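Reader: Hi! Could you walk me through this one?
Author: Happy to, here it is.

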Amino acid sequence: MVTAFVMMKTDPHRIPESAQDIANIEEVQAVYSVTGKWDLVAMVKTPNLEDLSDLVPAKIAKVATVHDTETMVAFRTYSDQELEASFSLGGE
């Protein structure tokens, strides 16, 4: 299984709608709004790299409000607790 993170620039006035459209894609595990040069980051899982190479241009980049993407493939997850803690910055 391949895990990847897809960073996206979207229409800044439609970030919530963009996030929901992307979240509705089967391979997308979660979508986060983020600070910095990207508007959204999606964590995706595919069976192999070939499926990932199809997913990004054929589904994610086809969302009308997505203007740009960059994909990072994860090599390794060190632990579920470490992963969860890294996304819990700043409380509720």
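This is a predicted model: local features need pLDDT of at least 70, side-chain atom pairs count only at pLDDT 80 or more; totals for chains, interfaces and linings use all residues.

Reader: Thanks! In what order do the elements of the chain run from the N terminus on?
Author: The order is β-α-β-β-α-β-α, with three helices and four strands in the chain. Helices (H or I, at least four residues) and strands (E, at least two) are DSSP runs, numbered from the N terminus.

Reader: And strand 3, how many of its residues are buried?
Author: Six of the seven, residues 40–46 being the strand, so strand 3 is largely enclosed by the rest of the structure. Buried means under 20% relative accessible area (1.4 Å probe, protein chains only).

Reader: Which way does strand 1 pair with strand 3?
Author: Antiparallel, over seven bridges; pairing takes at least two DSSP bridges between two strands. Phe 5 stands opposite Met 43 there. Strand 2 also pairs with strand 3 in the antiparallel sense, over five bridges.

Reader: Switching topic: where is Glu 27 found?
Author: In the loop between helix 1 (15–23) and strand 2 (28–33).

Reader: Why does Glu 27 count as buried?
Author: Because its relative accessibility is 18%.

Reader: What does the side chain of Glu 27 join in a polar contact?
Author: The side chain of Lys 59, at 3.1 Å. A polar contact is a pair of N or O atoms within 3.5 Å; within protein, one must be able to donate a hydrogen and the other to accept it, and residues adjacent in sequence count only if both atoms are side-chain atoms.

Key
Residues are numbered from 1 along each chain as its sequence is written. Side-chain values use heavy atoms; hydrogens and water are left out. Buried means under 20% relative accessible area, exposed over 50%, partly exposed in between (1.4 Å probe, protein chains only).
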